[in-house]
Amino acid sequence: MSVTALVVIDMLNPYDHEDGDQLAAEAEKIAEPLHGLIERARDHDEVRVVYVNDNFGDFSASRQDLVDRALKGRRPDIVKPIVPPPDATFLTKVRHSVFYGTPLEYLLQRIDAERLILTGQVTEQCVLYSALDAYVRHFPIMIPRDAVACIDPELGDAALRMMERNMRADIVTTAECLR
């Protein structure tokens with residue numbers, strides 16, 4: 001059976017940083033489509049949902065610590081629909097790529113993942129770097145444009161074009177995923 005990994009990147013965010021307002025405005029637009037995609041993915045046996053979130057430099061932070069911090073942040077309305085359920089696979093990261101310093105590659109091998117759907121934030125940073133790392137690991141990549149949020153729309157669009165052209169990513173909508 002061909003397994004797809006739906007990777008949700010950095011959606012547990014308190015939006016209390018320098019670019020928080022810009023990012024929150026864009027994340028608000030993707031919250032509903034992303035939530036719908038996650039729900040549909042959970043209904044497919046051949047799809048695994050994997051949350052990978054920045055630990056914000058707190059190496060002792062647990063999943064619950066990150067959830068609590070995000071829900072107490074400036075935009076709990078964005079975070080609440082995306083909170084990983086207790087049985088969800090959850091990894092923390094320390095830098096931009098979901099692969100850097102995490103067991104994600106090993107996990108993907110263990111579940112026999114053959115394709116990745118990258119979602120979350122920030123399109124021109126963590127999503128882009130994660131896509132590059134997935135590409136060099138020979139994973140086919142899908143990016144639903146309505147499930148990634150950017151800080152700078154111009155850079156976000158450029159990042160999507162780069163992922164499509166340089167990493168052969170399929171740029172789609174959430175409706176086109178999991179058909």
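**Cysteines and salt bridges in a predicted model**

At 46% relative accessibility, L155 counts as partly exposed; buried means under 20% relative accessible area, exposed over 50%, and partly exposed in between, with a 1.4 Å probe and protein chains only. L155 sits in helix α6, residues 153-166. Helices (H or I, at least four residues) and strands (E, at least two) are DSSP runs, numbered from the N terminus. The C-alpha atoms of L155 and L71 are separated by 28 Å, and the two residues are 84 apart along the chain.

Before I go on, some housekeeping. This is a predicted model, where local features need pLDDT of at least 70, side-chain atom pairs count only at pLDDT 80 or more, and totals for chains, interfaces and linings use all residues. Residues are numbered from 1 along each chain as its sequence is written, and side-chain values use heavy atoms, with hydrogens and water left out.

Now the cysteines. A disulfide is a covalent bond between the sulfur atoms of two cysteines. The cut-off here is a pair of cysteine sulfur atoms within 2.5 Å. How many disulfides does the structure hold? It holds zero. For C126, the nearest cysteine sulfur is that of C150, 13 Å away. C126 is buried, with a relative accessible area of 8%.

Next, charges. Side chains of opposite charge can pair when their charged atoms come close. A salt bridge is counted when a side-chain nitrogen of Lys or Arg is within 4 Å of a carboxyl oxygen of Asp or Glu. A search of the whole structure finds nine of them.

In one, D10 pairs with K93, with the closest N and O atoms 3.0 Å apart. Buried or exposed? D10 is buried at 7%, and K93 is buried at 0%.

In another, R75 pairs with E28 at 3.1 Å between the closest N and O atoms. R75 lies in the loop between α2 (63-71) and α3 (76-79), and E28 in helix α1, 47 residues apart. E28 is partly exposed, at 46%. E28, R75 and D77 are linked in a network of salt bridges.

R42 is in helix α1 and D87 in the loop between α3 and β3, 45 residues apart. R42 is partly exposed at 42%, whereas D87 is exposed at 59%.
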